[in-house]
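The following exercises are to be worked with the sequence and the model at hand. Each task is followed by a solution in steps.

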Amino acid sequence: MKYLKTANLAAFILFLIMFSFSACKNSDSLVQPEEQITSDSQVLQKLVENDESFQSFEPNYNEDQAMDLFGNSLSKTIYPLRVGQRMKLIEKNLDVIFEGDTAVGVLTRTFEGVLLIAASFDQFEIAEGVRPDSSLIDTVVQKKFTAVVIQNLKFVKYRNTKNPERNWKIAAISLPEGSTGSSNISITSMKIDMPNGETIQIDNPNDYYLERFPGFRRQIPVLNKGEEVTVTLQILSTYADEDLVTLTHGAMKGGLHHRVKRQFELVNEVLDGQYYKRTYQQTFIMNNISGYKHAIVNVIPFQVINDDATEVEEHSWGIPYIVR
């Protein structure tokens, strides 16, 4: 009897081993092997996918919800308390031209957006820096739109091995520019005053490159926790009403709850023929989380959030930075 029990136990253990082996084999067959990279074009695609500067763009561009506006209160026909945008990437394309051991790429990302406007029908007053009370919100308006973000890249081939993944690096990236395609409102320049006294002047984001190799002048800005940066924008607008100009920053891949949105203050306005030339300014503080971040400026005509029938017009610039 004891022998039969031992034999049965051995058979049972053998059955488990065979079953486990069979299950592992079946499981392995369900896993799709990683696409083998055999060309330089595939390498460049992967470099962009894995780059932390690119990964930090969407967490700030996609605000996911209507966010509090810290800064000036908006007092128009209806009274928005919170404005945000939910952005979904629907198409991404990297066009690359190879020139020997270098390559130039244009990254085009198309987003489906929803502008979220949480507003009150009644006028209200909120002290500067105070979070609006949610009980004031009477309505939430949602407007769909499409935006295209363009960013340029430079690559360099620094090795010539049989493995293409070991041969290429990103040499420089331009700043991203996003737009709904409207010519009625646009950012024409951005000046960034750094804590160390340096000034960054940007007149065309797609022509402003941040280098990746040491020794070059334009590197991704590196800032310490708690440091302040002042951003000054020049805007052209065909509309008489003051624009809604905001800056979203602080988020990173895996750290969305650190995202903050601030409204710019209008400091100057001049009517020059068809366009209003406006100067906006805002200061933002580095949070206490180290890593790669993106600061993104969005400019929207006020009637877009003042009238639920007005189509969305938007122009956006971004700049990556690192908090250490």
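**Exercise 1.** Determine which residue of E15 stands opposite Thr232, and describe the strand pairings around it.

Solution. Step 1: opposite Thr232 stands Gln281 in E15. The model is a predicted one, in which local features need pLDDT of at least 70 and side-chain atom pairs count only at pLDDT 80 or more, while totals for chains, interfaces and linings use all residues. Residues are numbered from 1 along each chain as its sequence is written, and side-chain values use heavy atoms, with hydrogens and water left out.

Step 2: strand E15 (residues 275-285) pairs with E11 in the antiparallel sense, over ten bridges. Strands are DSSP runs of E of at least two residues, helices are runs of H or I of at least four, and both are numbered from the N terminus; two strands pair if DSSP finds at least two bridges between them.

Step 3: E11 (residues 228-237) also pairs with strand E7 (residues 185-193), in the antiparallel sense and over eight bridges. Here Val231 in E11 has Ile192 opposite.

**Exercise 2.** State which residues have the most contacts inside the largest nonpolar core.

Solution. Step 1: a nonpolar core is a set of buried Ala, Val, Leu, Ile, Met, Phe, Trp, Tyr and Cys residues joined through side-chain atoms within 4.5 Å. Buried means under 20% relative accessible area, with a 1.4 Å probe and protein chains only.

Step 2: the largest core holds 43 residues, and those with the most contacts inside it are Phe155, Ile192, Ile202, Val231, Leu233 and Val297. Its largest share, five residues, comes from strand E17 (residues 315-323).

Step 3: leaving aside neighbours within four places in sequence, the residues in contact with Ile192 include Ile202, Val231 and Ile319. Contact means heavy atoms within 4.5 Å.

**Exercise 3.** Identify the strand that gives the most to the lining of the largest pocket.

Solution. Step 1: a pocket is found on a 1 Å grid over the protein atoms alone, as an open set of points where a 1.4 Å probe fits, with protein on both sides within 12 Å along at least five of seven lines; lining residues have an atom within 4 Å of a point.

Step 2: the lining of the largest pocket has 19 residues, and Met194, Asn196, Glu198, Ile200 and Pro221 lie nearest the centre.

Step 3: strands E8 (199-202) and E10 (222-223) each supply at least two lining residues. E8 gives the most, with three residues.

Terms used: Buried means under 20% relative accessible area, exposed over 50%, partly exposed in between (1.4 Å probe, protein chains only).
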